[in-house]
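The exercises below are meant to be worked with the sequence and the coordinates open side by side. Each one sets a task and then goes through a solution in steps.

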Amino acid sequence: MAAKEPLDIAKYLKERKGKVLVMSGWLCEKLELDGRRLIDYAVELANKLDAAVAATGNTVNAVRGKVKATKKMWAAEIPLYLKYDWKEPFERPEVVVLIGYTPDAARALATAMAGLVETVVLDSVEIPEATISLNTMTIDKWKESLEEIIRNLG
Amino acid sequence: MEGKVVKVGGVEVNLADAVRDPRGVEDIAEDILQEMGERRLRQWDPKLNIFAHASDIAEWDHILLNKYHTIFTSGKKSCEACQQGPCDLSAKNGLCGVDLEAHQAREGLKEACRALARQLTHARDLLNYAIKIYGKEKEIDLGPYEEYPMTNVSMLCGFYPKNLADVERALSYAEAQLAELLYAVNNGNESAKDLVEKTMHAGSLTFLAMEVAETIKMCIFDFYNAGKVEPTEYKDWPKMQTPVGLGVVDTSKPVICFMGNDFLPAWHAVRIIKERGLEDEIEVCGVGAAGHDIPRFYEKAKVVTSATKARLAIRAGIPDVIVVSEMCLPFDVVEEAKKIGAKVIAYGYKADFKGVEDKTELPMEELVKYLEENDAVQVTIPEKAGELAVEIVKKAKEGKKAALLSEAEIKEKAAACKACDSCFNVCPNRLMISRAMKAAKEGNLEKLSEIYDECVFCAKCEHVCPNGLPIIDMIIGASIEKIKNDKYMMRPGRGLISHIEWRDLTFGFVLGGNGPGMVYIIGCGKYPGAEKDIAEIVRYLVDRNCCVAVAGCVAADAAKYFDEEERKYIFEKYLAAGLLRGFMNLGGCTAISHIPPATYKGTMIGSGYTPKANWSQIVDYQYTRLPLVVLIWGAATEEMFTVAMGFARSGVSVVVGPEGFKFKTWLLGNKHDRSKWQMFDGITGRIREVEPCPVHMIIPVETKEEAITMIAKLFHRPLALRDPRLASLEAYNEAHKNFFGEYSDDWHLYVRSEHEIHVMRRMEMLRLLEREHGWVIEGPRVKKARLRDGRLVDMRDYVENYGIQLGRYSTVVPRLVIKEMVGGAVAAPSEEITKMHGVSKE
């Protein structure tokens, strides 16, 4: 089962600090969890993990200058470059955290990246195709889970 | 195999060398060779794919699939395709030998076969009907401005159909191909690549099936057809006469609404309405494919919405009678109709609905009585279905129920929401319904009304709601004003793009001009954002000198823009012709079949090649030269996946919206891998490094800004001439900078000289080339440029080593390197050719 509790996810990510890439998808700009935009969670998460952000959709504008490294990227190209030629301004990751993608997109991306990197999907829907994901949950619980993960990253 | 020898001028061709098995098609092959002429036959050996099997186009498919990586997205690791299964493929191959990649590729082929089957049966129904009425000798006449009729057929079969008998021969071939493809779905011995080739073949066959349907519509049923209209009229033709939207239907009158793929009952209903003088008494409207077909033969028809929003049209209480045929996005029409008391006539043998009885044999009087007493009836004869709709509609209106929830009802129902967010977790657009319910409970319906703008009315939310809330009805009830004001105008579909328009376009963005390219937008609604995004994409592209054409349900959504300043709807804001800054509606979803022929016309104008069973030759030309991109912005239906694969095979890149992440296969190029971006100098056979373009053949994107930027990037073609190169690079740079606040990391790969950078940003870009890429710049000139291997060279060396000299004949197909210059002799070094693609010249 891919689904894990927030504390387990935090522990998993903490152990891989410095080897993580955060992918921020278009929903990061669209969704607000009771006043806080999803992109703000993505940024905080990246900073706690010392991770670069592959900003897909239009999210680069909201991420630029807020994390150690970021670049406008195209979600579908990331599995391709992971497999063949990683020539980005940040190191090839071992773990990719996906946040702000529809469940369908997250499933497809996790499938496309299977065997190349480990994938962690932080959506409110369980994604069995990912290495790890959150359980399916309410919006309130999702917000709590994201905050719990970030809090426990130190 | 010994074959007949054909003499073309001074050249002799053994048919067995040109066609894998010429038996039974010698006449077609001979015609094609004569048409090719002596000069071409001296230049290269012909390979004809007459009545092509998938493997007959392997020469081209291999080139494509060697260049582009197939990314599979199906997470299914267990195969249950045969009785030996299930086999877990995550660690090892299945019992039949299938591996995980091939299994994933099969999933795509399965989808493509289903889509192809739907289009083939639709085409077959229409063809059989046409033959029944007019006989097989009925001539195919698409008008004086269509010189090359049915080129989807000719590309696969080798001939232009002259009559319905020819059309039937082509369609029978396609039906047999479907059987072959279906066999492959369960055959374990094929590689993923073989299966992807077959999926692309299904795409090409889908165009053929759509083309058969479209041709019958235009030739037999007199649908609008640009081939019969004087080109000087195109700029304002067809007239802006079709109302679009939920608010345009006069529901005080009896309303017949046609849904699904089949227009035949509508055609007969309209005939009867006209005969009886009822045009002002009965409203005729449509949803989806039928909705876009009817305005092409009835000027009073109205388009309500796209196929994906058919449920919305019903729930909003618009129809009194629904005539439905097979649907691309099926749902329980009868159950939905019951909610508003509308009557359903299920037309055809395929429109089988649970519990609906076929009463075709009843006399009309009894049929009317039966439908008065029942919710629905199945009728398989179009004349009868159409007549029944007209006969019953006034009585049906009397039995209608109130459709919309009142404000008080919405509040009361919202109070039952427990905010479990099951709805949020299944919503394709991630709409926060529970938050809107909370506001509604407190008397604020505004948030529900906001959801209306992005809701695709798929009803997944209702399906999973543990309290059974009628969420869709609540959203609609909160948006009554929006529904009333949903009123726009559009041009009905015009059918084909003529040869004459392509001559203009060729000068606009191929041979010169300042147009970045041509964009075809197709699809079935269900957008990631609001409907109005489509119109915004159209405006952005047309305002930047693109030519844009729409086909399918997306046309009605593109219509949803009104320029307050100019007091014009979007379809009247721009010229309706195939010109730079032109914006055309081709028609319903079968009109998608006009797109590949339009590209073949571009090739014919530029090269003189005739599109008859010579796939590699035609597609090589358009793939390397023509800046054409298809955008599928909405639903990732099986049809859309299949046509996307077909477009890719035709050398046309496809950008697909976020729904496209569900496509079973993406075709992506790796810009970093220089070994993939090479071409042959067509005269010497020398391998040349070229720009990574078109960098992808099928790519999903997330936002409309990404879509526009990727389209601009995919306009790039290695053999584009200087002015089109400038236009496409500027389109890419402008979009990337404006939308993402920075230039891309690869724009410099498309620069061959300072002349290709737009004058408005030339100095800025030259400084960037100097600072970030180590080029040497003097004033407004590039003195030295850096090759991709890192060498800094003067411009002469740069041009010599990167890209193709402007106007020089070049190709990606080894066979098409010229073997003999007419008037001279140049032999191609076959070793290099073999090295490039692993395909020998022979």
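**Exercise 1.** What is the strand order of the open sheet of three strands in chain B, and in which sense do the strands pair?

Solution. This is a predicted model, in which local features need pLDDT of at least 70 and side-chain atom pairs count only at pLDDT 80 or more, while totals for chains, interfaces and linings use all residues. Residues are numbered from 1 along each chain as its sequence is written, and chains are lettered from A and ligands numbered from 1 in the order in which they are written.

Step 1: helices (H or I, at least four residues) and strands (E, at least two) are DSSP runs numbered from the N terminus, and two strands pair if DSSP finds at least two bridges between them. Step 2: the order is β23-β22-β28 (chain B), with antiparallel pairing. Step 3: β23 (687–689) and β28 (810–811) of chain B are the edge strands, each pairing on one side only. Step 4: β22 (residues 678–681) of chain B is joined to β23(B) by three bridges in the antiparallel sense, and Gln678(B) stands opposite Glu689(B).

**Exercise 2.** Describe the surroundings of strand β4 (residues 52–55) of chain A.

Solution. Step 1: β4(A) pairs in the parallel sense with strand β1 (residues 20–24) of chain A over four bridges, and Ala55(A) is the bridge partner of Ser24(A). Step 2: β4(A) also pairs in the parallel sense with strand β5 (residues 70–72) of chain A, over three bridges, where Lys72(A) is the bridge partner of Ala55(A). Step 3: in a regular strand the side chains alternate between the two faces of the sheet.

**Exercise 3.** Compare the span of helix α3 (residues 38–49) of chain A with its expected span, and list its buried residues.

Solution. Step 1: the expected span is 1.5 Å times one less than the number of residues. Step 2: α3(A) has 12 residues and reaches 17 Å from its first C-alpha to its last, close to the 16 Å expected. Step 3: its buried residues are Leu38(A), Ile39(A), Tyr41(A), Ala42(A), Val43(A), Leu45(A), Ala46(A) and Leu49(A). Step 4: Asp50(A), which follows α3(A), has a positive phi, near 55°.

**Exercise 4.** Characterise the side of chain A that touches chain B.

Solution. Step 1: residues are in contact if their C-beta atoms, placed from the backbone, lie within 7 Å. Step 2: the contact takes 34 residues from chain A and 33 residues from chain B. Step 3: α4 (60–63), α5 (77–83) and α6 (103–113) of chain A each give two or more residues to this side, and α6(A) gives the most, with seven residues.

How values were computed. Contact = placed C-beta atoms within 7 Å. Buried ≥ 20, exposed ≤ 12 C-beta atoms within 10 Å, placed from the backbone.
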